[in-house]
Amino acid sequence: MSQSMSKPLPFASAFICEKVLHEKDGVLSAVRIVDTFYVKRAPEISDQIPTGVTMNALIMLRSKEAMEPSEITMKMRTPSGKMVDIPGKYPVTLTGGESGANLNIVIALELKDFGVFWFDIFWNGEPLTSIP
């Protein structure tokens, strides 16, 4: 993704996992980091009935020079190329240097297409990173 923004972007690490544990000491543990879900449809279920998948998108931001109140949003690209807004706007305030923020966004998909889905992460409307 291009970085046409004149303001500094934070460093971002983002991935899909089955679940995120938030330990008592504040440490996060991502369980079963995945880039592929295998979905089987029982033979007796019609192809007209959508199949569902639930996952967690863990987005970890580190400030570097980014220091203003900001907003994270997401869009999904389907295998057919359709862009779908992921509901929710997530406010983030970074204070510079080593400060950071972690977002755990639960995504429940109703699958009608099968193939590779991409999740695009935006920082104040500007592309930040993508997750396959």
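Colleague: With which residue does the side chain of Glu18 meet in a salt bridge?

Modeller: Please keep in mind that this is a predicted model, in which local features need pLDDT of at least 70 and side-chain atom pairs count only at pLDDT 80 or more, while totals for chains, interfaces and linings use all residues. Residues are numbered from 1 along each chain as its sequence is written, and side-chain values use heavy atoms, with hydrogens and water left out. A salt bridge here is a side-chain nitrogen of Lys or Arg within 4 Å of a carboxyl oxygen of Asp or Glu, and for Glu18 the N to O distance is 2.7 Å, the partner being Arg32.

Colleague: Which strands does this pair link, and how many residues apart are Glu18 and Arg32?

Modeller: Strands are DSSP runs of E with at least two residues, numbered from the N terminus. Glu18 belongs to strand 1 and Arg32 to strand 2, which covers residues 28-34, so the pair links distant parts of the chain, at a separation of 14 residues.

Colleague: Is Arg32 buried or exposed?

Modeller: The words follow relative accessible area, where buried means under 20%, exposed over 50% and partly exposed in between, using a 1.4 Å probe and protein chains only. Glu18, at 38%, counts as partly exposed, whereas Arg32, at 55%, counts as exposed.

Colleague: Which residue forms a salt bridge with Asp85?

Modeller: The closest N and O atoms of this pair are 3.8 Å apart. Asp85 lies in strand 5 and its partner in strand 4, 10 residues apart.

Colleague: Which parts of the chain does the pair of Arg77 and Asp120 tie together?

Modeller: Arg77 forms a salt bridge with Asp120, with the closest N and O atoms 2.7 Å apart. Because Arg77 and Asp120 are 43 residues apart in sequence, the pair ties together strand 4 and strand 7.

Colleague: Is Asp120 buried or exposed?

Modeller: Arg77 counts as partly exposed, with a relative accessibility of 29%. For Asp120 the relative accessible area is 3%, so Asp120 is buried.

Technical notes:
Helices (H or I, at least four residues) and strands (E, at least two) are DSSP runs, numbered from the N terminus.
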